[in-house]
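Hi,

As promised, I am handing over the structure we talked about. Please have it open while you read the notes that follow.

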Amino acid sequence: MNAQSPRQPSRVGVYYSAGPHFLTALQAMRSKFPDAHLVGIIPPDYPVPQAARDVADDFITTERERYSLRMPGACIQLARLIRAGRYDVFAVMFRSGQLEALSALSGASTRYSISPRAKIIPLRATLPTVVLSTVMRRLRGRLNYALVWVLVRALRVNTRPNPRAR
């Protein structure tokens, strides 16, 4: 009786974010999936070090250096570029709302975040979940700010020196 091994991914994409551990992220994915075609997704004019070229099989360049939700057209183009890669595994370098949403849009069945110390963290959230948690986090922050604003104005601080205090 043969035990079936889980299907090994054929394509792994690692999305570059401004941070010091892109090479670490590539190495972590290479060690986890040694036989996969490893692709680094980098911004234009990114100087790919030789060590990264030795680890990854290929590099794809994005249109822009940075993306923002204020540029929805550019974000859609980025998502299309990533989906066109047909990655089985997609990894980002940080756990932020935007990068988790991008990983959810990648179409990859398996998604990870890779810490600066090469810890591979599974990402399981769907796009609606990521959007909802981001909205809730922002709402909670605004409510906290409003509470502090009200307290600062309601609890006046006496700015005159107290002659009895010595």
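How many aromatic pairs does the structure hold? The structure holds five of them, where rings of Phe, Tyr and Trp (its six-membered ring) pair if their centres lie within 6.5 Å, and planes under 30 degrees apart count as stacked, over 60 as edge-to-face and the rest as tilted. One of them joins Phe22 and Tyr46: the ring centres are 5.8 Å apart and the planes stand at 90 degrees, so this pair is edge-to-face. It links distant parts of the chain, with Phe22 in helix α1 (residues 22–32) and Tyr46, 24 residues apart from it, in the loop between β2 (37–42) and α2 (50–55). Helices (H or I, at least four residues) and strands (E, at least two) are DSSP runs, numbered from the N terminus.

Before going further, a word on the source: this is a predicted model, in which local features need pLDDT of at least 70 and side-chain atom pairs count only at pLDDT 80 or more, while totals for chains, interfaces and linings use all residues. Residues are numbered from 1 along each chain as its sequence is written, and side-chain values use heavy atoms, leaving out hydrogens and water.

Phe22 is buried at 2% relative accessible area, whereas Tyr46 is partly exposed at 22%; buried means under 20%, exposed over 50% and partly exposed in between (1.4 Å probe, protein chains only). Tyr87 and Phe90 make a tilted pair, 6.2 Å centre to centre with 40 degrees between the planes, and both residues are buried. Tyr16, Phe22 and Tyr46 form one aromatic cluster.

Next, the backbone. Most residues other than glycine have a negative phi. Arg86, in the loop between α3 and β4, has a positive phi near 50 degrees and is exposed at 69% relative accessibility. Ala118, in the loop between β5 and β6, also has a positive phi, near 70 degrees, and is partly exposed at 32%.

Helix α4 (residues 97–105) has several buried residues, among them Leu99, Ala101 and Leu102. What covers the buried residues of α4 includes β1 (11–15), α3 (72–84) and α5.

Finally, which residues form a nonpolar patch on the surface? They are Leu105, Leu127, Val131 and Val135. Helix α5 (residues 127–154) gives the largest share, three residues; one of its residues is Leu127, partly exposed at 31%.

Happy reading!

Notes: Patches are made of residues with over 30% relative accessible area and no salt bridge: like charges are joined within 9 Å, nonpolar side chains (Val, Leu, Ile, Met, Phe, Trp, Tyr) within 5 Å. Accessible areas come from the Shrake-Rupley method with a 1.4 Å probe; for residues, only the protein chains shown count as cover. A salt bridge is a side-chain nitrogen of Lys or Arg within 4 Å of a carboxyl oxygen of Asp or Glu. Contact means heavy atoms within 4.5 Å.
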